[in-house]
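Have the viewer open as you read.

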Amino acid sequence: MLLPPVRKALLQGVSRSCCRLFSKSQESCSSGRKGLVLGIYERENVKDDGTYLTAAGELFDSTVSGKLRDMLALSGPPLKKGKTRALYGLHQDFSTVVVVGLGKKDAGVNDQEHWNESKENIRAAVSTGCRVVQDLEIPCVEVDPCGDAQAAAEGAVLGLFEYNELKQKKKKPIDAQLHGSNEKEAWQKGVLYAEGQNLARWLMEAPANLITPIKFAELIDQKLRETGGNVTVHIRSQSWIEEQQMGAFLSVAKGSDEPPVFLEIHYNGSSITKELPLVLVGKGVTFDSGGISLKPSSGMDAMRGDMGGAATICSTIVTAVALKLPINIIGLAPLCENMPGGKANKPGDVIKAKNGKTIQVDNTDAEGRLLLADALCYAHKFDSRALINAATLTGAMDVALGSAATGVFTNSSWLWTHLYEASIVTGDRVWRMPLFQHFTKQVTESQLADLNNIGKHSKSGGACTAAAFLKEFVTMPHWAHLDIAGVMANKDEVSYLRKGMSGRPTRTLVEFATRLSWDKQNV
């Protein structure tokens with residue numbers, strides 16, 4: 001009899017923690033102990049003996065009569081990119097000053113890396129500096145904007161995030177603030193971008209017994225209510241899903257005792273009444289055991305994050321609302337578990353999707369595409385400017401690109417260009433993958449049905465055949481499928497994210513929506 005009260009208490013704690021994640025504003029640092037993070041650029045050449053501080057660093061150095069430069073010269077060699085040096089006793093307002101290496105000044109866009117290197121250097125350096133201050137248990141840190149306050153804010157907020165809701169021993173919380181007052185708007189924009197990604201990280205990291213389909217939907221509903229804006233949320237029950245004849249989605253859900261939920265969000269931010277919306281669809285498998293095609297037990301715990309698609313698209317909408325973007329967005333998230341219950345799909349079963357196409361299910365662990373098939377069909381009831389779905393869909397995507405970039409499969413060069421340009425700015429990269437007819441043939445030549453959920457050559461091009469499968473449920477001219485399986489988690493690849501679920505590519509989707517809101521021309 002103890003289990004229900006314990007679970008209820010945990011869920012209440014989860015709700016409160018989620019609410020704290022996405023604050024509308026931050027209070028100023030108190031008069032207590034404070035740290036300061038300042039940036040410094042690399043020397044132009046080996047013979048150069050100058051110290052290249054940022055504008056904020058120069059101003060601080062002048063207030064301490066040149067002591068900052070003196071201590072840097074005395075304390076060690078010039079700082080390389082990403083390295084830090086903690087200095088003490090420089091200023092009465094700051095118990096610790098952490099100087100961080102920003103790399104080359106004006107590095108700009110790196111055409112080989114396909115990102116803005118200056119912004120990435122700032123994110124990485126600031127996150128490292130803030131963690132040094134946190135480790136010293138200083139409750140507040142002021143951050144040098146380093147020439148790009150938005151990137152600095154993203155580095156600070158992303159770098160300090162850690163999921164520790166269920167631990168008794170936690171790191172001391174730290175409040176990151178802008179040093180100076182010239183770039184407050186850009187700083188706040190960076191805070192909102194980063195908190196949006198942190199919301200997705202939080203949802204993906206939380207254990208599956210706490211983030212069930214209905215709990216996920218309720219948390220997003222709660223978050224949107226707190227954020228404000230012209231938003232309508234529909235939490236659709238199993239009976240509604242049955243009425244919509246979403247047979248593919250239901251076939252996955254029936255293996256679990258947790259009832260499925262279809263989450264539908266409408267954000268109307270545009271002042272133009274009839275402006276076509278951006279439609280976002282996210283795979284929401286809150287736990288994926290693989291079903292009858294059971295996954296190996298090693299690493300299965302990470303499958304609590306298999307709702308990463310739903311987490312990123314919902315967090316994108318929450319962020320768009322917080323930013324008050326002048327755009328209309330519709331979010332759709334089919335939510336369920338994939339479990340090997342007595343009613344679960346069996347290999348060889350044939351099911352029918354919402355559009356009437358039959359699907360032979362040869363592998364029950366290829367379930368995400370079944371959810372998305374019905375959700376994409378439903379998405380076509382809305383006239384839209386673009387349709388984007390995100391899903392931790394295939395291990396093959398991780399094999400192909402690892403955590404370097406999100407794989408994008410699209411029928412639209414216009415859509416690809418906008419996503420790619422957004423990713424250069426955020427540093428959360430995307431890479432275009434093929435939608436060849438070669439892969440379509442593999443999923444449409446099925447022994448028992450119209451389609452096969454893994455294709456006749458299941459071990460080859462798995463990410464591509466999965467995308468080809470989804471394409472069978474899309475008729476819109478501007479559609480993109482984002483396979484985020486490779487970027488689902490972070491080990492140490494992205495230095496400004498701690499180990500764990502990454503929440504990628506939330507910031508890229510937010511940046512894409514921001515750019516789309518500027519472009520009022522119909523595509």
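Before we talk about partners, one definition: two strands pair if DSSP finds at least two bridges between them. Keep in mind, too, that this is a predicted model.

With that in hand, look at Asp-349, whose bridge partner in strand 15 is Val-361. Further along, Lys-352 stands opposite Thr-358 of strand 15. Strand 14 covers residues 349-352 and strand 15 covers residues 358-361, and the two run antiparallel, with four bridges between them. They form a hairpin with five residues between the strands, and there Gly-356 takes a positive phi near 95°.

Which strands sit at the edges of this sheet? The sheet is open, with three strands in the order 14-15-19 and mixed pairing. Strand 14 and strand 19 (451-452) are the edge strands, each pairing on one side only.

## Covered elements elsewhere

Now over to strand 12, residues 284-288, where five of five residues are buried. Strand 12 pairs with strand 13 (residues 328-338) in the parallel sense, over four bridges. Within that pairing, Phe-287 has Glu-337 of strand 13 as its bridge partner.

Helix 6 is mostly covered as well, with 17 of its 22 residues buried. The helix runs over residues 184-205 and reaches 31 Å from first C-alpha to last, close to the 32 Å expected at 1.5 Å a residue.

## A buried serine in a loop

Is Ser-270 buried or exposed? Ser-270 belongs to the loop between strand 10 (261-268) and strand 11 (278-282). Its relative accessibility is 13%, and since buried means under 20%, Ser-270 counts as buried.

## The whole chain

Zooming out, the chain has 16 helices and 22 strands. Its radius of gyration is 24 Å, close to the 24 Å that the globule rule gives for 523 residues, so the chain is as compact as a globular protein of that length. The C-alpha trace spans about 80 × 55 × 50 Å along its principal axes.

Of the 523 residues, 59% count as buried. The chain exposes about 21800 Å², with carbon and sulfur atoms supplying 51% of that area. Among contacts with a separation of 6 or more, 76% join residues 24 or more positions apart.

Mean pLDDT for the chain is 93, and 92% of the residues reach 70 or more. Residues 1-6 fall below 50, and beyond near neighbours in sequence this stretch has zero contacts in the model.

Residues 22-28 also stay under 50 in pLDDT, but here the model has 20 contacts beyond four places in sequence.

Definitions and conventions. Residues are numbered from 1 along each chain as its sequence is written. This is a predicted model: local features need pLDDT of at least 70, side-chain atom pairs count only at pLDDT 80 or more; totals for chains, interfaces and linings use all residues. Side-chain values use heavy atoms; hydrogens and water are left out. pLDDT is the predictor's confidence in each residue, from 0 to 100. Contact means heavy atoms within 4.5 Å. Buried means under 20% relative accessible area, exposed over 50%, partly exposed in between (1.4 Å probe, protein chains only). The radius of gyration is taken over C-alpha atoms; the globule rule is 2.2 Å times the number of residues to the power 0.38. Accessible areas come from the Shrake-Rupley method with a 1.4 Å probe; for residues, only the protein chains shown count as cover. The expected span of a helix is 1.5 Å times one less than its number of residues.
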